[in-house]
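I opened the model and kept notes on what I looked up. The entries follow in order.

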Amino acid sequence: RGSDPVPENDSHGELIFAIADYARHTGDEAFLRRMWPHVRGAFDYMEVLRASERTEANRAVNPAFYGMMPVSISHEGYSAKPMHSYWDDFWALRGYKDAVEIATWLGRADDAERFAASRDEFSADLYASINIATKQHGIDFIPGAAELGDFDATSTTIALAPGGEQSKLPQALLVNTFERYWREFVQRRDGK
């Protein structure tokens with residue numbers, strides 16, 4: 001029957017990351033110049049998505065949703081009902097970071113400055129959302145979705161690699177996330 005018309009909001013950041021990562025490994029500036037319109041297009045679309053959630057009306061619904069990527073099923077565990085998935089947000093943050101880097105490599109100082117302002121604002125909103133969601137759900141780990149407060153260490157790994165956010169994440173929440181993952185892995189391995 002073909003594809004379903006459901007939103008997925010991870011691919012924009014993934015595209016920018018893939019372009020930047022290729023350039024990091026090859027140094028291919030001509031490739032970057034050819035890809036620049038796609039980087040700008042993905043960045044601009046992330047800005048539209050982010051703005052749609054960065055409203056006072058949305059903050060009134062739940063402050064943990066403010067400024068995040070809109071609900072989606074990018075994380076297939078949310079296919080029954082789209083959620084504000086931190087998987088999407090960590091990919092968006094990676095995309096924002098790489099958009100700044102690409103603009104800098106290409107000598108586009110004005111774009112780099114504008115992209116950096118968006119990156120910093122999005123990062124602040126993301127960390128505020130995580131803190132709010134953990135308090136709302138009474139949890140001591142990084143949730144997979146703001147609505148659910150669900151445990152999903154796989155989603156959180158994006159923040160580490162390729163996200164590079166290890167030092168910025170709330171350290172107690174980060175440690176608790178992966179300690180719990182390890183405990184549950186050992187329990188599954190041992191048939192408990």
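Is Asp 120 buried, partly exposed or exposed? I read a relative accessibility of 43% for Asp 120, so I logged this residue as partly exposed. I note here that the model is predicted.

I then placed Asp 120 in the chain. It sits in helix α5, which covers residues 109–137.

Next entry: aromatic rings. My search of the whole structure returned nine aromatic pairs. For Trp 182 and Phe 185, I got ring centres 5.2 Å apart and planes at 35 degrees, so I filed the pair as tilted. Both residues belong to helix α7, three residues apart, or about one turn of the helix. Trp 182 is partly exposed at 48%, and Phe 185 is partly exposed at 33%. I also found a cluster: ring pairs link Trp 36, Phe 43, Tyr 96, Phe 115 and Phe 122.

Last entry: helix packing. I took helix α6 (residues 153–160) against helix α7 (residues 171–189). Their axes lie 10 Å apart at an angle of about 135 degrees. That makes α6 oblique to α7. I logged the crossing of the two helices as left-handed. From α6, the contact uses Ala 153, Thr 156, Thr 157 and Leu 160. From α7, it uses Leu 174, Thr 177, Phe 178 and Tyr 181. I sorted the residues of this contact into five nonpolar, three polar and no charged.

Notes: Residues numbered from 1 in each chain as written. Predicted model: local features only at pLDDT ≥ 70, side-chain atom pairs only at ≥ 80, totals over all residues. Heavy atoms only, no water. Axes fitted to C-alpha atoms, helices over the stretch in contact; angles between N-to-C directions. Helix = DSSP H or I, 4+ residues; strand = E, 2+ residues; numbered from the N terminus. Parallel < 35°, antiparallel > 145°, perpendicular 65-115°, else oblique. Left-handed = near helix turned anticlockwise from the far one by under 90°. Contact = heavy atoms within 4.5 Å. Nonpolar A, V, L, I, M, F, W, Y, C, P; charged D, E, K, R; others polar. Buried < 20%, exposed > 50% of the residue type's maximum accessible area, 1.4 Å probe, protein only. Phe/Tyr/Trp six-rings, centres within 6.5 Å; stacked < 30°, edge-to-face > 60°.
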